[in-house]
Amino acid sequence: MPDTSPDLDLALGFTIPGRHARGRIVRLGPVIDRILSAHAYPAPIEALLAEALTLTALIGSTLKDAGGQLTLQAQTETGIVSLLVCDYRGGELRGYVQYDAGRLADAPLAPSLFALFGTGYLAITFDQATTGERYQGIVPLDGESIADAAATYFLQSEQIPTLIRLGVAPGNRVTGGLFLQHLPEGEEGRERLHVRQDHPEWEHVALLGQTMGADELTDTTLPLETLVWRLFNEESEVRVLARQPIVRGCRCSPDYIAQVLAKFSDEDQREMADESGVITVDCAFCAQKFPVSVGNRCDS
């Protein structure tokens, strides 16, 4: 029997050799639900984090280094949202938001990006596990969405023309994204590109990509390959890559927390502990609490 399960929690890569372009399509479902369900976020914060997680999965899944990590961080000192952090490593996705609940209550029901952040910035960091290299670019949080800021990052910091489309279904529990880039130095490109600014081939690819709607990206009845075909069926060749599964991944655990605390002196540990001698560590990503007794023995 054919597999009729919906395409969820997957990234699909493809290249268009004749246009010197590459792309990714991502659709997330249970992963988004698990991450959002760990926090009691209001609807505007949920929608913001859902978009940011989808963007992180889109960019992170392009890493050639299997152990590499992509971190997306949006921050401001004056906005309702003070910090948004998402990261992707080896198919594992996580993220969280810090915000001022009181100020959010006074904001419009559907606040704009500027209303949430004010004057903020977006930092995108690539950590390459194999070489140990780290690349980071920082751009203002301009535009109508976090996707606009990310596209600006690639154009200004990497000099790569980039199109990003994000979609969040009502309820914020299914999201989709399209990521297209022009790679004039070859369909694979390099890890970091420095390219010319005239891109006649790219204009054609970008125009097609802009026709992809949020309803299509989040339609679980449409296979990801169908979305690629809808956009680029008139191209002479489109190479579809292997699907990449995406899971919710948080690297916290009792053992890991104990190892981190072991780096502190006995005196520091005693100062962090409560009256019963237990240090309670909260993980911002998964919202779990880890009680660790002084002496690095995890409570059961």
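In which kind of crossing, left-handed or right-handed, does α2 pass α5? The legends below take this up along with the other close-ups. This is a predicted model, where local features need pLDDT of at least 70 and side-chain atom pairs count only at pLDDT 80 or more, while totals for chains, interfaces and linings use all residues. Residues are numbered from 1 along each chain as its sequence is written, and side-chain values use heavy atoms, with hydrogens and water left out.

**View 1. Here α2 meets α5.** The axes of these two helices come within 10 Å and cross at roughly 30 degrees, which makes α2 roughly parallel to α5 (angles under 35 degrees count as roughly parallel, over 145 as roughly antiparallel, 65 to 115 as roughly perpendicular and the rest as oblique). As for the opening question, α2 passes α5 in a right-handed crossing (the near helix is turned clockwise from the far one by less than a right angle). On the α2 side, the contact (heavy atoms within 4.5 Å) uses Glu-51, Ala-52, Leu-55 and Ile-59, and α5 brings Ile-146, Ala-150 and Phe-154. By class, that's six nonpolar, no polar and one charged residues (Ala, Val, Leu, Ile, Met, Phe, Trp, Tyr, Cys and Pro count as nonpolar, Asp, Glu, Lys and Arg as charged, and the others as polar).

**View 2. Now for α1 packing with α2.** Helix α1 covers residues 30-37, and its axis lies 11 Å from that of α2, at an angle of about 135 degrees (axes are lines fitted to C-alpha atoms over the stretch in contact, and angles run from 0 to 180 degrees between N-to-C directions). The pair is therefore oblique, and the crossing of α1 and α2 is right-handed. Ile-32, Ile-35 and Leu-36 of α1 touch Glu-46, Leu-49, Ala-50, Leu-53 and Thr-54 of α2.

**View 3. Last up is the largest pocket.** Its volume is about 420 Å³ (a pocket is an open set of points on a 1 Å grid where a 1.4 Å probe fits, with protein on both sides within 12 Å along at least five of seven lines; lining residues have an atom within 4 Å of a point; the volume is the space filled by probe spheres set on the points). Of the 20 lining residues, Ala-47, Glu-51, Pro-111, Glu-144 and Ser-145 lie nearest the centre. Helix α2 gives the most to this lining, with five residues (helices are DSSP runs of H or I with at least four residues). The lining has 14 nonpolar, two polar and four charged residues.
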